[in-house]
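Take a look at the model below. This briefing walks through its charged side-chain pairs and some of its strands.

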Amino acid sequence: MRKSFLFKRGKYYQLQYFDETEQRIKRISTKCKMKTDAIKFLSQFNEKKLSQPELKYISLSQFLDEYLNYVKQNLSVKYYNDVHTTFKRMKETFGEIPLNKLTGYNLEQFLTATYQVSKYACKHHFNNLRSAFNKAIQWGYLEVNPMQKIKTPKLPQNNPIFINEIELNQILNYLTKKEFTDIYLLAFHTGMRLGEIVNLRWNQIQLNERVIRVLNTDEFTTKGKKERVIPINSKLYSILINRLPKVINLSGNDLLFHNNGIKLNGDFVSKKFKEAIRKASIEININSQLHMHDLRHSFASNLAKKGVSLYIIKELLGHRDIKTTQIYAHLTIDSLREAVRVLEA
């Protein structure tokens with residue numbers, strides 16, 4: 001640490017020091033007229049400086065580029081594109097400033113302006129920035145996350161879209177490849193996420209016990225890193241049994257769904273489902289707004305309608321917090337109302 005020193009200018013003593021993080025000389029007023037008071041200020045300043053970790057200097061723009069490169073190499077293309085959109089807005093708003101000069105107030109103003117245009121974009125920006133600044137702390141650029149005191153943006157609570165098994169079968173009639181039919185049926189009967197399905201391997205399926213184990217592996221990590229066990233019902237059991245002859249090594253890491261041994265692209269699988277939805281919505285009464293993720297909602301919604309506890313649904317879906325599962329609560333209440341109406345007959 002380079003030496004700090006005092007000098008007097010006008011009424012007050014000034015403190016000159018070298019900022020290691022920003023790699024430049026700075027001056028601040030001690031607001032002390034007496035030299036003894038100024039020396040005390042200097043002593044306290046040096047003590048505080050020694051107690052703080054030495055941070056590496058980086059501009060906001062440089063950090064955003066470095067973090068984007070990290071995301072590109074380690075995370076999904078979809079997440080990369082989402083973060084890229086956030087960082088583009090950040091550069092437009094803040095330009096070239098030191099990363100450590102970005103305050104919670106600045107960020108809150110940025111998010112508030114975004115919220116007024118799009119609540120969902122604001123939530124994406126919030127999540128992306130919080131993760132990015134956590135990484136900045138790990139890399140030694142920040143001591144604390146400037147997002148830590150900013151409240152999570154609230155989104156309007158929309159009830160999930162869901163379909164029943166009859167509607168699903170109608171949609172599947174518009175598919176030509178059985179591979180995709182089996183994928184969508186698996187999603188409907190397990191509530192598994194798309195990423196979990198395309199990474200599912202035969203050694204995670206125990207047909208004797210009739211369970212699927214959703215696990216973290218070297219190649220794939222579940223959302224929230226939470227592993228879980230999902231029972232296999234009779235319809236899904238038949239699907240899995242019919243796929244057995246295609247499997248060469250049941251004790252190995254063979255993928256359940258693949259293209260000549262190559263893992264399927266999740267975006268492509270989702271796109272194929274959307275194509276079937278479009279065709280179905282034209283000819284029959286199917287909601288054109290459905291997406292593949294709504295098969296997960298359908299699994300949970302149909303369980304809730306049949307009176308299954310939200311706590312059980314929470315475990316099956318792999319939610320960390322019951323609050324996430326509460327979006328299905330109204331369906332549980334509806335099923336209770338239907339049960340009580342039996343007394344009116």
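The notes below go topic by topic. This is a predicted model. A search of the whole structure turns up twelve salt bridges. Side chains of opposite charge can pair when their charged atoms come close.

**Lys-91 and Asp-65**
- Lys-91 and Asp-65 form a salt bridge, with 2.7 Å between the closest N and O atoms.
- Lys-91 sits in helix α3 (residues 77-94) and Asp-65 in helix α2 (residues 60-74), so the pair ties together parts 26 residues apart in sequence.

**Arg-243 and Glu-179**
- A salt bridge joins the side chains of Arg-243 and Glu-179, at 2.9 Å from N to O.
- This pair links distant parts of the chain: Arg-243 belongs to helix α9 (residues 234-243), Glu-179 to helix α7 (residues 178-190), and they are 64 residues apart.
- Arg-243 has a relative accessible area of 5%, so it is buried; the cut-off is under 20%.
- Glu-179 counts as buried too, because its relative accessibility is 15%.
- Both residues belong to a network of salt bridges that links Lys-178, Glu-179, Asp-182 and Arg-243.

**Arg-228 and Glu-196**
- Arg-228 forms a salt bridge with Glu-196, and their closest N and O atoms are 2.8 Å apart.
- Here too, distant parts of the chain are linked: Arg-228 is in strand β6 (residues 228-231), and Glu-196 is in helix α8 (residues 194-198), 32 residues apart.
- Are these two residues buried or exposed? Arg-228 and Glu-196 are both buried.

- Strand β2 (residues 12-19) is mostly covered, with seven of its eight residues buried.
- Strand β1 (residues 5-9) pairs with β2 in the antiparallel sense, over five bridges.
- In this pairing, Phe-5 stands opposite Gln-16 in β2.
- The hairpin of β1 and β2 has two residues between the strands, and Gly-10 takes a positive phi near 70° there.
- β2 also pairs with strand β3 (residues 24-29), again in the antiparallel sense, over six bridges.
- Leu-15 stands opposite Ile-28 in β3.

Conventions: Residues are numbered from 1 along each chain as its sequence is written. This is a predicted model: local features need pLDDT of at least 70, side-chain atom pairs count only at pLDDT 80 or more; totals for chains, interfaces and linings use all residues. Side-chain values use heavy atoms; hydrogens and water are left out. A salt bridge is a side-chain nitrogen of Lys or Arg within 4 Å of a carboxyl oxygen of Asp or Glu. Helices (H or I, at least four residues) and strands (E, at least two) are DSSP runs, numbered from the N terminus. Buried means under 20% relative accessible area, exposed over 50%, partly exposed in between (1.4 Å probe, protein chains only). Two strands pair if DSSP finds at least two bridges between them.
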